[in-house]
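User: I would like to learn how to read the features of a protein model one at a time, with the general idea set out before the particular case. Could we work through one together?

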Amino acid sequence: MRILAINGSPRKGGNSEILIGKVFKALEAQGFETELYQLGGQAVHGCRACGACKINLDRRCVITGDPINEVIEKMIAAQGIIIASPVYFSNVTTETKALIDRAGYVCRANGYILKRKVAAAVVAVRRAGALVTFNAINQFFHINQMIIPGSTYWNLGIGGAPGEVEADTEGLINMENLGENMGWLLRKLAQDDATR
Ligand SMILES: Cc1cc2nc3c(=O)[nH]c(=O)nc-3n(C[C@H](O)[C@H](O)[C@H](O)COP(=O)(O)O)c2cc1C
């Protein structure tokens, strides 16, 4: 089973990626395959509200030339999905928002393609706005009928400069625990599918 993590931070190797790495470590220890996709830093368009995805029903957004369709395909292929974003002015990054809006419309228009995939939001924050950002990502998961495992706190790591989250012991433990819970849930769902 494959877990895809989408890093919405333009800072490759920064705090969001470090947090994803901790979740991945716990998942890999349980035998899951992991893939990190670097969305942040790529040029993306926002949703044009054209409604073409509701007419075309081809699991794609009509806007081409940016990575959103590639990410949609990767999400469809994965069993577990992590979307990570740093807090930017108390919300997700532009790249993350473009993904939420466009993948959200495409996946819902095409019969809820992400339904019952296991999903988790991960947030890197210097000081404030983590829960708004966490909620913004979780609302995407929720309206797509995805299943969200919990952890010991809300999934955030505290740090400003790249690498600073390494000092947030509680945040790192939360990520490890999130990976364990995500893996546990994925295994249970797979067992349930196998007995049907
Ligand atoms: C444009 C911009 C806006 C930011 N806004 C906030 C904010 O509202 N609250 C906050 O705590 N940190 C804010 N930060 C700091 C980042 O969230 C923080 O440095 C985070 O750890 C970056 O994660 P990364 O290394 O994965 O990019 C902002 C940073 C940038 C560049």
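User: Which residues of β4 are buried on one side, and which on the other?

Analyst: A note before the answer: this is a predicted model. On one side of β4 the buried residues are Val118, Ala120, Val122 and Ala124, and on the other they are Ala119, Ala121, Val123 and Val125, so that both faces of the strand are covered. Since a residue is taken as buried when 20 or more other C-beta atoms lie within 10 Å of its own, the count of 8 buried residues out of 8 means that β4 is largely enclosed by the rest of the structure.

User: How should I read the sheet, and in what order do its strands stand?

Analyst: In general, the strands of a sheet pair through backbone hydrogen bonds, and they do this either parallel or antiparallel. Here the sheet is open, has 5 strands in the order β2-β1-β3-β4-β5, and is paired in the parallel sense. The edges are taken by β2 (33-38) and β5 (156-158), and because each has a single partner strand, one side of each is left without a neighbour in the sheet. From one strand to the next the twist averages 15°.

User: How many bridges join β3 to β4, and which residue stands opposite Gly80?

Analyst: The parallel strands β3 and β4 are joined by 7 bridges, and Gly80 has Val118 of β4 opposite it. For β1 (residues 2-7) and β3 (residues 80-86) the parallel pairing runs over 5 bridges, with Leu4 opposite Ile81 in β3. Strand β1 also pairs with β2, again in the parallel sense, over 6 bridges, where Asn7 has Gln38 of β2 as its bridge partner. As for burial, 5 of the 6 residues of β1 are buried, and this strand is mostly covered.

User: Which helices lie on the sheet, and what are their directions?

Analyst: Helix α1 (residues 15-29) lies across β1, β2, β3, β4 (118-125) and β5, and runs at about 155° to β3. Helix α6 (residues 169-194) packs on the sheet as well, where it touches β3, β4 and β5, and its direction makes about 170° with that of β4.

User: How can I check the length of α6, and which of its residues are buried?

Analyst: For the length, one compares an expected span with the distance between the ends: at 1.5 Å a residue the 26 residues of α6 should span 38 Å, and its end C-alpha atoms are 38 Å apart, which agrees. In α6 the buried residues are Gly171, Asn174, Met175, Leu178, Gly179, Met182, Gly183 and Leu186, and they pack against α1, β3, β4 and β5.

User: Which residues come nearest to the ligand?

Analyst: There are 19 residues around the ligand, of which Ser9, Arg11, Gly14, Ser16 and Pro86 come nearest. Two or more residues of this shell are given by each of α1 and β4, and the shell divides into 8 nonpolar, 8 polar and 3 charged residues.

How values were computed. Residues numbered from 1 in each chain as written. Predicted model: local features only at pLDDT ≥ 70, side-chain atom pairs only at ≥ 80, totals over all residues. Pairing = 2+ DSSP bridges. Helix = DSSP H or I, 4+ residues; strand = E, 2+ residues; numbered from the N terminus. Axes fitted to C-alpha atoms, helices over the stretch in contact; angles between N-to-C directions. Contact = placed C-beta atoms within 7 Å. Expected span 1.5 Å × (residues − 1). Buried ≥ 20, exposed ≤ 12 C-beta atoms within 10 Å, placed from the backbone. Near = placed C-beta within 6 Å. Nonpolar A, V, L, I, M, F, W, Y, C, P; charged D, E, K, R; others polar.
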